[in-house]
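Welcome! Open your viewer, keep the selection tool at hand, and follow along one stop at a time.

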Amino acid sequence: MNLKAIRLIFAGTKFGKKLTICLLFFLLTTTAGATEYIVSPCTSDQAGVSVNGEEVVLLEDTIEPYWHFLLWLTVMNILSVVDMLILPAKFLFAILGFRITECADVFENSNRARIYEYIKTRPGAYLGEIIEKAGLNRGAVRYHIKILKAHHKIEAYSESGKTRYFQNNSTYGEGEKKVVSALQNSTNQRIISEIQNGKCNTNLDLAREIGVSRATISWYVKNLKETGLIDETRSGRSIIYSINPSYETLIEKYG
């Protein structure tokens, strides 16, 4: 098959372009060692005889194995298949609003680096808080958080319908995330403190001490009971609240 036929077969295709580059590279590498020379009629029929007394050096013919061509052809074919497989993934990421970012580039963006440092120093930070401190719009903060999560720099923890973020360095266990998240709320912190000190351990006492309604106290205590930080026991017609012993050490640590 001549070169013209090959060009007709592969013309207009991505694979054909790569094959053309392969063939050019193949020809260049096989002729890279050639030296410029002038061809003139030989005065003798004997091979290797000098024409004008100059030194004659016999050149060794190098025959490139056919399997070299087949190898390059196979490599180009594999690269074409890889491109076909990667392209849909890139397209999907683009639709979802992602941009492929190398690990080394994660903190090159100053806004992203600032968000990460805030989460690192303020474990349990939630989205609204980060937006306020970063001075960015919600969409930008969400985007940077997605990048940080994708590169395993931070992790999300959801509790009582709110998502909070922690540095992903295996420092915080599930119990610690639960306690830290609860203590981020000032009312939760006050309720836990009052119960822990033993001053107030009923709904009525807590409402009077903190200065809110009993319904408000009931709502917060309900959430704290669901997370397991507070236990309750009945004493006659009263309900007595106490700190779950499993979390007493962590509450003292982060309280």
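**Before you start**

This is a predicted model, in which local features need pLDDT of at least 70 and side-chain atom pairs count only at pLDDT 80 or more, while totals for chains, interfaces and linings use all residues. Residues are numbered from 1 along each chain as its sequence is written, and side-chain values use heavy atoms, with hydrogens and water left out.

**Stop 1: the whole chain**

Of the 255 residues, 29% are buried, where buried means under 20% relative accessible area, exposed over 50%, and partly exposed in between (1.4 Å probe, protein chains only).

Taking contacts (heavy atoms within 4.5 Å) between residues at least 6 apart in sequence, 52% join residues at least 24 apart.

**Stop 2: α9 and α10**

Select residues 203–210 for helix α9 and 214–227 for helix α10. At what angle do these helices pack? The angle is about 110 degrees, and the axes are 9 Å apart. Axes here are lines fitted to C-alpha atoms, for helices over the stretch in contact, and angles run from 0 to 180 degrees between N-to-C directions. That makes α9 roughly perpendicular to α10; angles under 35 degrees count as roughly parallel, over 145 as roughly antiparallel, 65 to 115 as roughly perpendicular and the rest as oblique.

The crossing of α9 and α10 is right-handed, a term for the near helix being turned clockwise from the far one by less than a right angle, with anticlockwise giving left-handed. Show side chains for N203, L204, L206, A207 and I210 of α9, and for R214, I217, S218 and V221 of α10: these make the contact. By class, the contact of α9 with α10 has six nonpolar, two polar and one charged residues. Ala, Val, Leu, Ile, Met, Phe, Trp, Tyr, Cys and Pro count as nonpolar, Asp, Glu, Lys and Arg as charged, and the others, Gly among them, as polar.

**Stop 3: α8 and α9**

On α8, pick out R190, I191, E194 and I195, which meet L206, E209 and I210 of α9.

**Stop 4: Y254**

Y254 lies in helix α11 (residues 248–254). Is Y254 buried or partly exposed? Y254 is partly exposed, with a relative accessible area of 25%. Leaving aside neighbours within four places in sequence, Y254 is in contact with Y172, E176, V179, V180 and L183.

**Stop 5: N244**

Next, select N244, in the loop between β5 (238–243) and α11. N244 is buried, with a relative accessible area of 15%. Not counting residues up to four places away in sequence, N244 touches G228, L229, I230 and D231.

**Stop 6: N111**

Finish at N111 in helix α4 (residues 110–121). N111 is partly exposed, with a relative accessible area of 23%.

Note on methods:
Helices (H or I, at least four residues) and strands (E, at least two) are DSSP runs, numbered from the N terminus.
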